[in-house]
Amino acid sequence: MIILGVNEGHNASAALLVDGKLIAAISEDRPTRQTTRSGFPFKAIEECLALGGITLAEIDRVALSTLHLPPKYFWIPRESFSIRDFWREQNEFWKPRLFEGKRPVYMDVFKDRMDPSRFIYDPSLIKDEDDCVGMLEARLRHHERFFGLPRERISVHDHHTCHAWYAYMVHPRRLDQDLLVFAADGAGDGVNGSVWHGVRGQPLQALHRTNQCNIGRIYRYVTLLLGMKQFEHAFKTMGLAPYGNPKYGQLAYEVFAETLQVDGLGFSYRIKPKDHFFHFKERLEGLRFDGIAWGIQKRTEELLSEWVGNGVAATGCGNVVMTGGVAMNIKANKVVWERPDVHSLFVPPGSGDESLSIGAACKVAVDFASVPGETISECLPMTSVYLGPSFHDDEIRKRLDRTSGLDGCTIETVQLPRIAQLLAAGHVLGRFSGRAEFGQRALGNRSILADPRPREVVRTINEMIKQRDFWMPFASSVLAERKDDYVINPKNLQGDYMTLAFDSTPEGQRDMIGALHPYDKTSRPHVVERDANPGYHALISAFARETGVGALLNTSFNLHGEPIVHTPEDAISTFLRSGLDHLLLGEWLVSKPGKS
Ligand SMILES: [Fe+2]
């Protein structure tokens, strides 16, 4: 059975599942070059089908995620919003609505941000900007037309169901362990927190669903109050938090602690704010920015830890899975896995809305493949995170040869010992090789790589290409054989996707200080197994032979504010517009003048 999963909301994406195997998954932001792109994912669908060698006519079923998507966000794509636009949203839309008894029209407030070309659905089916029922009908009719499928072959799945099923189905121990799945996010289909139980591969059962799990909502509004984008920059608040301390953060912490509380498998309030922006804006006024970050992070860690603890106590299941946008808080994940009652923690790659397409496709596969009471081993959707397109070396060479702007650059065949020597000499490389990785983390194939030993490598890369905020850390790729040398992982958790944080060992602080959080020295490693990515493993091994260090600094291959590179042209363009010394493009090493 050929199933195509589609997410049209925030972080739109497509996924192709053929006979239970995940063949391809791509976020629409990569090919469109628009970060967090929403809307029908034309390009991602086209690329997924091409990767599977599947035509539109061969698709058996289409699985959509999320029942309720407000039309206004299709007309006004918020991925183009500036920080000031998000503040305007609060001041000119939410404030009059919540505090002044007015009913402002979103599309009037943001008429300067309207992009009618992005609205591809039949507007005659939609009553107003919040008409999710009409919008769903318009979406279904669009899919019927686009795929040439009858309505009964197109299904729509609840947002949190997609989150939970994705995480469950890609878990490596699903068939021999009971798993307890927690999904937490901004919100989807009226739910922002859910708890699920899966018994040794049998279909996942929902234990609790709530619309009061406002951890993600509070965190994103605090991010906006700190002057950063509410959706994209929550990780910056997390990175800032370790610089705070109780002296400057305790008052902020108390502001958060007096509101949202864990209540069994759900949540309740001690003091219920009328909203989650102005309430905190008023109470945090005059407090230091780093203290606010410290306070919200501490409270987030407490809430998630207590919530998970209640789930473990209720089920007796200590094998925990976390997913949804909130699960991208790797520091809170660390507090969760350190709990004595948590035996294991798994956080899948791309746990935000980009994986909803996979979750929807998995749900349909399971519905058709499983017999009640039996396991669902027929559906084995993820054996690799490298689910995007790749390019043949001959094709790459042709594209290199017809690219202008490379005058003076040298092009030679990649030799791993030479690459290792360049890295050891302090050169910084962009690596574009093999299939693109799924999710927001670069896992070697679309990565910028550097020697992780010098502290000043962070500044070098920032000046060269990333322009990251000064407090933000870089991450590492660590040979699986060396992981215990560098990070403290007493529960032997899977750290393959940069979704978990660990304390570092003294050896880790010696060998990869440039790839640790500069203040608390924690690491969010990408542990590289040889079988998972042989070419990348061989490159790090060559560096280890050259230097004795079994790790590289690894950050995503993109310019500040742009999505990760997707094509050879993107990689070449980024190389030319940045201070990168070299570009590894398939089997070719391109070096700037004076760098070879
Ligand atoms: Fe979500």
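**Notes on the three-domain model**

1. The protein splits into domain 1 (2-162 + 358-369), domain 2 (171-349) and domain 3 (393-591). Keep in mind while reading that this is a predicted model. Note that domain 1 is written as two stretches, 2-162 and 358-369.

2. Six residues from domain 1 and seven residues from domain 3 make up the contact. On the domain 1 side, helix α1 (residues 29-32) gives the largest share, with three residues. By type, that side of domain 1 has three charged residues, two nonpolar and one polar.

3. Overall make-up and size: I count 21 helices and 23 strands in the protein. The radius of gyration comes out at 23 Å, close to the 25 Å that the globule rule gives for 596 residues, so the protein is as compact as a globular protein of that length. Along the principal axes, the C-alpha atoms fill a box of roughly 65 × 60 × 55 Å.

4. Helix α4 (residues 83-99) is worth a look. With 17 residues at 1.5 Å a residue, α4 should span 24 Å, and its end C-alpha atoms are 22 Å apart, which agrees. Where does α4 bend? The bend is at Phe-93, by about 30°. Pro-96, a proline, follows within four residues of that point. Then, just after α4, comes Gly-101, with a positive phi of about 65°.

5. Three strands form an open sheet in the order β17-β18-β19, and the pairing is antiparallel. Which strands sit at the edges? Those are β17 (487-488) and β19 (522-523), each of which pairs on one side only. Strand β18 (residues 502-504) runs antiparallel to β19, and two bridges join them.

Terms used. Residues numbered from 1 in each chain as written. Predicted model: local features only at pLDDT ≥ 70, side-chain atom pairs only at ≥ 80, totals over all residues. Expected span 1.5 Å × (residues − 1). Bend = angle between axes of the 7 residues up to and from the residue. Domains from an automatic or database assignment. Contact = placed C-beta atoms within 7 Å. Nonpolar A, V, L, I, M, F, W, Y, C, P; charged D, E, K, R; others polar. Pairing = 2+ DSSP bridges. Rg over C-alpha atoms; globule rule 2.2 N^0.38 Å.
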